[in-house]
Amino acid sequence: MAVDQAIADAAPPGGEVVEPRALARQLLSRVLMLAVLAMLLAGYVLHASLPPNPLSPPPERQLRVRLFVPEGWAFFTISPRLPQLSPMRPDADGRWRPADAGHLAVPADGFGANRIRRAQGTEMAILLRGVHAEEWRQCAGTPADCLAATPVLGTVTNEATRPSLCGPVGFVRQEPLPWAWRGSADRTVMPSSVVRLEVRC
């Protein structure tokens, strides 16, 4: 009785008192509705990227979906075994150290809201656009040791708005360590290929 009277007294003039259970049910129903809509949208995008089949939507609708989602489902199904491209730079002692922009999910970047770190991938692609496949050197040791013994291939200009790679830069293409070998990560070095460039900013 006292609780009901307190709720009634706290209600705004002319307003109706909404019970907590009713409010929770309304919130749950809206969340479920949004989840169903998201699942339908994901299924539609997936189906539009599949080969033609009896359940495929009309071609004009597929074009509309691909207009807004050009990557299709392939964006989420990239092979985790593809070689990873990473930059390295020499420190004051001449030792080559990783020079990547770091992880996205950090508090300083709003846990991924700031996408500046993602720009480094495009920056590397532009710097390497003139490097041919045969100009990469195969590396059986650590990338740092291989870069130390690799001559500079050439000089390129970094045209990025906010360049993160300047001066002597080494690029490493290396497959990630398979999950089955995770126990020997400290003593296993995957084969890689390296190239060195002098980058002007």
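**Note on pockets and surface**

1. By class, eight nonpolar, six polar and three charged residues make up the lining of the largest pocket. Here Ala, Val, Leu, Ile, Met, Phe, Trp, Tyr, Cys and Pro count as nonpolar, Asp, Glu, Lys and Arg as charged, and the others, Gly among them, as polar.

2. This is a predicted model, in which local features need pLDDT of at least 70 and side-chain atom pairs count only at pLDDT 80 or more, while totals for chains, interfaces and linings use all residues. Residues are numbered from 1 along each chain as its sequence is written, and side-chain values use heavy atoms, with hydrogens and water left out.

3. The largest pocket holds about 580 Å³ of space. Of its 17 lining residues, Gln84, Leu85, Arg118, Gly121 and Met124 are the closest to its centre. The elements giving two or more residues to this lining are β1 (84-90) and α4 (119-127); β1 gives the most, with four residues. A pocket is an open set of points on a 1 Å grid over the protein atoms alone, where a 1.4 Å probe fits, with protein on both sides within 12 Å along at least five of seven lines; lining residues have an atom within 4 Å of a point. A volume is the space filled by probe spheres set on the points, which are joined across faces, edges and corners. Helices (H or I, at least four residues) and strands (E, at least two) are DSSP runs, numbered from the N terminus.

4. The second largest pocket has a volume of about 200 Å³. Gln84, Ser86 and Val172 are among its lining residues.

5. Leu34, in helix α2 (residues 20-48), is exposed (over 50% relative accessible area, 1.4 Å probe, protein chains only), with a value of 57%.

Technical notes
Buried < 20%, exposed > 50% of the residue type's maximum accessible area, 1.4 Å probe, protein only.
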